[in-house]
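Visitor: I have just started learning about proteins, and I would like to know where the labels come from. Could you walk me through one example?

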Amino acid sequence: MRARAIALAVAATAACLALPSQAALAAAPAKPYDFNGDGYPDLAIGVKDGTAGGKKAAGYIAVVPGSANGPRTSARYTVSQSTAGIPGSSEAGDRFGARLTSGDLDKNGYADLVVVAPGEDASALEDTGRVTILWGGSAGFGRGTVLPGSDAYQGAGFAGLATADVNGDGQLDIVTGNRGDESGGLSVALGPFAPGRTPAALTAVTDDGIPHFVGRIRLAVGDIDGDGRADAAVAHNGFEGGGTTYLRGTPGGLVRAESWYGETTGEALAVGDFDGDGHADVALGLAGFGAHDTEEPWIPEHPLPARAGGIVRVLYGSAQGPAATRSPVDLDQDTAGVPGSDEGGDGFGRALAAADVTGDGRADLAIGIPGEDVGTVADTGGVTVLLGSPSGLTAAGARNLHQNTAGVPGGNEAGDGFGGTAGCGLLLRDLDRDGRADLFAAAAGEDAGDGRVWTLRGTATGITTTGSAAYSAAGLRLPGPTGGLAFGSTLCS
């Protein structure tokens, strides 16, 4: 009997020693867009004009899981406000999925998805919009939390959406770019967030430097000053002028940098560390100047070259902020080494995406040119990829891609708009976890407005067309009707 007791005690001790510690049991936060926690980020495409619950333009999100071989289309699924456990209900015109962003908000090893439905109604008010957190998990999305707002909630997230730690407390926060005559600007909801917990309400950033009556706002986040907190760059234009506001992340949240002279605005924004110096840099696509006082001579500090087809202006980051220690650098299709030539209506930079394509630790930049003519085919579009280097973005190794590029599925057709429109339709994300971001490019005008998304892999030397593929709503067997959806037009983060 005594021997048996000793044996049981030894076995119990061995079992206890074999158990992992509580720290080991705690899941590491997932990378953004890794909704099922398998280590591979997934592709999420908002289909804002899709039919859900029988309601036209209620909107839904198509998710294609990542894998070692790239997007796993056989496992694709959709989520909408008609999905069990998701707050709200699908209603005509909600346009659920018009904006998306991701991060592991509750740090449980599954990335979460933040979704904007700009057409959502609140009580008697129409189109106030709604921001919803969809909680990731091994079985997909089955629960969600609506982010509280106020009367100024109207327009929240319509012009941009991001997750970032702006106050440096180790918790992801939600930042929205808001559209509206009086409510245009930025709002922030500070983390932490968790299912079943009432989240902080979206609160407008006071004195964000964005004037009333803004026509457009574009938002991007990254650690521009290198202090460990995320900063925000916001390009805007409207009746009262245009420019780019720079807001620093501080322990109290986002605060406008008063000394920043942001004279240049743009139709698209991307943030990435192109020179690898530890400071995120800001790229402005279709860069230009907003309205200014015409009664007095106005001379910009950094004039832009005259280009009919568009310019990408790069503001390199530093401890003092963007363009504080280095003059802006302008790139266009007349820049030596950049493929193509400057032509009116090209839209060079109408969409931008930044990430490390080559795996060298520096961000590269994908530039959408949806108005590009190829041969005699008008507005078929293209994408140019510029690589990062120790001195920043370089034309060395630059590549232009379109549907007549060898290895790219399809063919150039007038009006395709390959390369994205209105600041979206272009994405760089590493779905196969090889350390190199892959390119996802949309052509909203493909097939008479049905739309399509292409994927091309990143390699040590840049983007390759080997193994490229194209996806349509019909090809992915998404809910019908699949025609006229401009599929991929909301492909951005």
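Predicted model: local features only at pLDDT ≥ 70, side-chain atom pairs only at ≥ 80, totals over all residues.

Visitor: How do you know whether the radius of gyration agrees with that of a compact globule?

Guide: We set the value against a rule. For 493 residues, a compact globule would have a radius of gyration near 23 Å, and the protein has 23 Å, so the two agree. The C-alpha trace spans about 100 × 55 × 50 Å along its principal axes. Buried residues account for 54% of the 493 residues.

Visitor: What makes strand 24 mostly covered?

Guide: A residue counts as buried when its relative accessible area is under 20%. Strand 24, residues 382–387, has six of its six residues buried. Gly382, Thr384 and Leu386 point one way, Val383, Val385 and Leu387 point the other way, and all are buried.

Visitor: How do you know that strand 24 pairs with strand 23 and with strand 25?

Guide: Two strands pair if at least two bridges are found between them. Strand 23 (residues 364–369) and strand 24 have five bridges, in the antiparallel sense. Glycine 368 has valine 383 of strand 24 as its bridge partner. Strand 24 and strand 25 (residues 394–401) have four bridges, again antiparallel. There, valine 383 is partnered by leucine 401 of strand 25, and valine 385 by arginine 399.

Visitor: What lies between strand 24 and strand 25 in their hairpin?

Guide: Six residues lie between them, and in the turn glycine 392 has a positive phi of about 110°.

Visitor: What makes a space a cavity and not a pocket?

Guide: Rolling a probe the size of a water molecule over the atoms shows where empty space is left. In a cavity a 1.4 Å probe fits but cannot get out, whereas a pocket is open. The structure has one cavity of 30 Å³ or more, and the largest cavity has a volume of about 50 Å³. Among the residues lining the largest cavity are Gly46, Lys48, Asp49, Phe487 and Thr490. By class, that lining has four nonpolar, four polar and two charged residues.

Visitor: And which residues lie nearest the centre of the second largest pocket?

Guide: Those are Trp260, Tyr261, His302, Pro322 and Ala323, out of a lining of 19 residues. The second largest pocket holds about 230 Å³ of space. Its lining divides into eight nonpolar, eight polar and three charged residues.

Note on methods:
Residues numbered from 1 in each chain as written. Heavy atoms only, no water. 1 Å grid on protein atoms, 1.4 Å probe; cavity = no way out; pocket = protein on both sides within 12 Å on 5 of 7 lines; lining within 4 Å. Points joined across faces, edges and corners; volume = space filled by probe spheres on them. Nonpolar A, V, L, I, M, F, W, Y, C, P; charged D, E, K, R; others polar. Buried < 20%, exposed > 50% of the residue type's maximum accessible area, 1.4 Å probe, protein only. Helix = DSSP H or I, 4+ residues; strand = E, 2+ residues; numbered from the N terminus. Rg over C-alpha atoms; globule rule 2.2 N^0.38 Å.
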